[in-house]
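Please look over the sequence and the 3D model shown here.

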Amino acid sequence: MKALLCQNFGNAQSLSLKEVATPSFADNQVLISVKACGVNFPDNLIIQGKYQFKPVLPFAPGGEVSGVITALGSKVTQFKIGDRVLALCGWGGFAEQVAVEANRVFPIPDKMDWIMAAGTLYNYGTSYYALKQKADVKIGETVLVLGAAGGVGLAAVELAKKMGAIVIACASSEEKLEICKAKGADFIINYKTEDLKEQIKKLTANKGVDIIFDTVGGEFAEPSIRSMAWNGRYLVVGFASGTIPQLPFNLALLKGCSVIGIFWGSFAEKEPVESYKNMTEIVQWLLTGKLKQHIFKIYSLENAADALQDLNDQKVIGKAIVKVGNWEDDAIVSASTLSNKKQITDGDNVESPVVFKDKTELKKNIGRSLGKTDWFTISQERINQFAEATLDYQWVHIDVEKAQSFLPGGKTIAHGYLTMSLASQFFYQLISIEKLNSFINYGVNKARFISPVQVGSEIRMTAQISEVEEMPNGNVKLFLNCSIEIKGQEKPAYVAEVISMLF
Ligand SMILES: NC(=O)c1ccc[n+]([C@@H]2O[C@H](COP(=O)([O-])OP(=O)(O)OC[C@H]3O[C@@H](n4cnc5c(N)ncnc54)[C@H](OP(=O)(O)O)[C@@H]3O)[C@@H](O)[C@H]2O)c1
């Protein structure tokens, strides 16, 4: 196979393309046929022998790949040959095949294309962990991102905006800042030409920023922490400038702020369940177009050294990707195309129930519509039964005469929880899993009762698989975006993400 090898520690131009043997793999590893490899900051450090891990020479750099599993170690049970995956290999990704520990490999949906997949883990994984688990960003808080046009920085801009923050992006050129704006930054600062502290003061009306997301370190750290609002959080993410800042501790005292170290790799290792949950959310947002990487350029394996050089020269905005091999994009469709496709968002032409062989099949179907149920009529008898069962005898539900005088349309209305409780019986029409012991309702997220359901109305449910979470005990948590529609009305009765536990 071909690999771009580092034979002696040095710069990008010292790498050379060689024909080498297919890597051997251990019992706990899988062999991946690489389709694409993300280019990341540590790759340049690794080839110079300056990173915390020093691979044995010769080796190929490239720490984050997407591809297909072609062989399995004897102890690997969670994957099969042919699975589409992304993986954190550390190095070895600038090659046609790479061996990776199975616990650093993640399955990806069919709809996710190779380029998108190869740019997902490192940037979004780091920034989401920092903003969610460590900073606990709240809606309306101000997030300052240093190195905002870099891979991790731009992902932080996008995610912070998505989390409801006000984002100030800082970078060294107008071109970079324009991209930050396009990704959602509310304000921009060119820290090469403008006074960082003064600009923050101006933009926040002297209040300061709540969160600092620092991927650069060096000279920008002190003016940033001096511009911190009370109870702020300084996220120490990286030192791309090459200088680890020495901060006077009195600033943390005076600002009442926390200085928080971010080490995403350790988080993924020590808190795999939380990390997996983050990744599932990120993949889902990418597939539905709620996040979209800025791909700076796609390089061939033959030109992968240029990708490292461009990154080193601070030319890359967002993500650089190396495409390995001459494949046509065999992912079903890219996320941007998908989000425009009708069948993803509504249930026309879906034959119900949608049948799955077992619960593991669900993961490949995130984003899939389960279609629509038949119409179901809400009778007064059903409303009364609900009142009797729950001892909730509010007159709006059961007093037919009073309703005639006082309620719009002269009709009683179903209890909101009655409508909600029908979700489980609707599921039987929409989804069938052949090999399954139990399918229980487990909870709801983001439930909203939108329109009242009058007696005699016909209602039905539409649903779409929004997320699938594999639990450490082998059970599966299924998240379905559900909407209960009322015949003849535009606004639904009820919308929610319904959570079920499958075992
Ligand atoms: N803590 C963690 O878990 C974790 C995870 C991932 C990455 N990181 C670290 O985060 C940092 C950024 O990673 P990244 O992938 O976003 O890198 P990147 O894509 O290369 O972006 C780094 C940004 O830093 C700025 N920069 C300032 N001085 C620089 C210099 N001398 N050389 C290169 N860039 C410089 C550049 O923006 P301007 O030109 O606009 O200044 C550049 O866009 C790295 O130190 C990386 O090791 C940490």
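## Strands around S11

Strand S8 (residues 142-146) runs parallel to S11, and four bridges join them. This is a predicted model: local features need pLDDT of at least 70, side-chain atom pairs count only at pLDDT 80 or more, and totals for chains, interfaces and linings use all residues. Residues are numbered from 1 along each chain as its sequence is written.

Strands (E, at least two residues) and helices (H or I, at least four) are DSSP runs, numbered from the N terminus. Two strands pair if DSSP finds at least two bridges between them. S11 also pairs with strand S12 (residues 228-236), in the parallel sense, over five bridges.

Six of the six residues of S11 (residues 209-214) are buried, so the strand is largely enclosed by the rest of the structure. A residue is buried if 20 or more other C-beta atoms lie within 10 Å of its own, exposed if 12 or fewer, and partly exposed in between; C-beta atoms are placed from the backbone.

## Around the ligand

Which residues come nearest to the ligand? Of the 29 around it, they are Gly147, Gly150, Ala171, Gly238 and Ala240. Helices H1 (41-47), H3 (121-134), H4 (151-162) and H9 (264-270) are the elements that give two or more residues to this shell. H4 gives the most, with three residues.

Domain 1 (2-120 + 294-335) and domain 2 (124-266) each supply at least three shell residues. These domain bounds come from an automatic or database domain assignment.

Methods:
A residue is near a molecule or strand if its C-beta atom, placed from the backbone, lies within 6 Å of it.
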